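Hi everyone, thanks for coming.

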Amino acid sequence: MSVAVKPEIRRERAFTEPKTYGLMALARGKTAAVDKGPEDTVPTWPTVMILEITLLMGAMAAMMILSLLFDAPLKEIANPAVPENPAKAPWYFLGLQELVGYSALMGGMIIPLIVLIGLALIPYLDRESKGIGQWFSGSTGKRVTLRTAVFSFVLSAGLVALTVNFGWLRSWFPEINQLVIIAINPGTVLVVGVVLWSLLVVRQTKSRRMGAIAVFTFFLVSFVVLTWVATFYRGPNWDFYWSSSQWPGGH
Amino acid sequence: MMETHSTGIKSEAEIGGVRGLLRHVYRSVIRHGYPDTPRNRSLVIISNLFLHIHSVRVHKNSLRAGYTLGLGVLSFVFFIILAVTGVILMVYYIPSPDQAYDRIKDLEFVIPGGRLIRNLHRWSAHGMVAVVILHMARVFYTGSYKNGREFNWVVGIVLLVLTLGLSYSGYLLPWDQLAFWAVTIGANIAASPVELTDALGITEYADIGGMTKRLLLGGNEVGADALIRFYVLHCVVLPLAAAVGIGVHFWRIRKDGGLSRPGEKAHGHNGEAP
């Protein structure tokens, strides 16, 4: 059934001769819906406008307060002769910088590339159509998310703890070929870990969506763990300190 | 030319007096009445270039705060704040190693409001990176990359990369120790294929890492050439790319039938619009 709203002919057009506009809305159903928009919709104006302007003003207010309270960092003028120690990248790259210590190629280029390609491929690897529009696609998804979070936290924090306390291949076999370390380092162990884990999840739940949830959660949690460690526990020469007050040289 | 007087109906142009003129001007800009009727509420969206990225009506689920958390809109809001404050900073900034740092000092201590604008730009940049990552997580966990929205997820990944690139390229511009050494680390990472070519003993013939680094810096060290490259990337190339990407991202949301919601009808795997 169709409902046509016929407007009155307007006499005050600015530039063109009077035209009739017909605005039509199509609704499925046996009776005309009263006080309920077609398919449970609401008019964009004003509802969405108010929400968007609220978000705009809220974000601007928050940034304004933050900017009045805290100044952006500015150090001494750049001096190639005096290296910063530690020299840290911005926070969102610190997780990678944590891996770069073992192999710049793996940590800085190949693993980020794998992560990006992996993220972009998610919709094509997981083509199931259930669970759309629902947080974690239901209770199984919540369980998978939680278990993966615990597993990836243990694995990534464990790897950091292992290397901080006992070192890695280079400290055990000083003569080792760098090719071996490029292939086997905490970063690649994490990549192998997530692949095996998500394959296990797919086998157990028989769902690729659950496999995708495992991959994404693993990525998110290990990103947070590595970023946290590099931000708060890494000092001069990228050594581990629980607090920057323990840094040598009175920083 | 259009014939406007053929019908004999008096057009606004013919209503005399100041009131007629003002009405004429107003109607030439806003072509609909006050938006308190369904018709005018539709027209206000349809007849405005900036608002017509929205559909006239949206599904109630798209407005559930607990569903979207407003993160997509917030990402765009941060982009706008950064564009506006960024242009103001450009007025004072000079991308040369001799002057960049002094100009930032001027912004901090001499130019009225300069420090506030720089602070806003810096904190909003961090905010945007954080919000974009959270937005990605929201879209992922609600399964919103399915049902025709596959490619828009990929566009989103491109926008994530552009966001990181924008933030990182801006990092060098103050030309302080923080900037210099953070970018030196980045450049060394770009040079890291040397690790592999060295281990294989072929760096002499195929120095991929060194080439990448020189392409990024315009030399072997972070210097004047690197600064101008990062400036152009930060102020022209990446913002333009991001603006186009954002346009595509928004447009596809509409073509894909609005935001995802529970129980929506499947519309094929080929990205067909409903």
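Before the first detail, one definition: two strands pair if DSSP finds at least two bridges between them. Helices (H or I, at least four residues) and strands (E, at least two) are DSSP runs, numbered from the N terminus. This is a predicted model, so local features need pLDDT of at least 70 and side-chain atom pairs count only at pLDDT 80 or more, while totals for chains, interfaces and linings use all residues. Residues are numbered from 1 along each chain as its sequence is written, and chains are lettered from A and ligands numbered from 1 in the order in which they are written.

Let's start where the chains pair. β3(A) runs antiparallel to strand β1 of chain B, residues 57-59, over 3 bridges. Within that pairing, Thr41(A) sits opposite His59(B).

Now the whole interface. How many residues does the contact take from each chain? Chain A puts in 76 residues and chain B 89 residues, with contact meaning that the C-beta atoms, placed from the backbone, lie within 7 Å. Among the elements giving two or more residues on the chain A side are β3 (41-43), α1 (44-69) and α8 (208-232). The top contributor there is α1(A), with 13 residues. By class, that side has 45 nonpolar, 17 polar and 14 charged residues. Here Ala, Val, Leu, Ile, Met, Phe, Trp, Tyr, Cys and Pro count as nonpolar, Asp, Glu, Lys and Arg as charged, and the others, Gly among them, as polar.

Next, inside chain A, have a look at α8(A). Helix α4 of chain A, residues 139-166, packs on α8(A) at about 35 degrees, with the axes 8 Å apart. Axes are lines fitted to C-alpha atoms, for helices over the stretch in contact, and angles run from 0 to 180 degrees between N-to-C directions. Residues meeting here include Phe153(A) from α4(A) and Phe218(A) from α8(A). This contact has 13 nonpolar, 8 polar and no charged residues.

α2(A) also packs on α8(A), at about 90 degrees and with axes 7 Å apart. That makes the two roughly perpendicular, a label for angles of 65 to 115 degrees. Trp91(A) of α2(A) and Phe223(A) of α8(A) are among the residues in contact.

Finally, confidence. Chain B averages a pLDDT of 89, with 91% of the residues scoring at least 70; pLDDT is the predictor's confidence in each residue, from 0 to 100. Over residues 1-8 of chain B, though, pLDDT is below 50. Where pLDDT is low, the predicted coordinates should not be read in detail. The model scores ipTM 0.86 and pTM 0.87.

Definitions and conventions:
Two residues are in contact if their C-beta atoms, placed from the backbone, lie within 7 Å. Angles under 35 degrees count as roughly parallel, over 145 as roughly antiparallel, 65 to 115 as roughly perpendicular and the rest as oblique.
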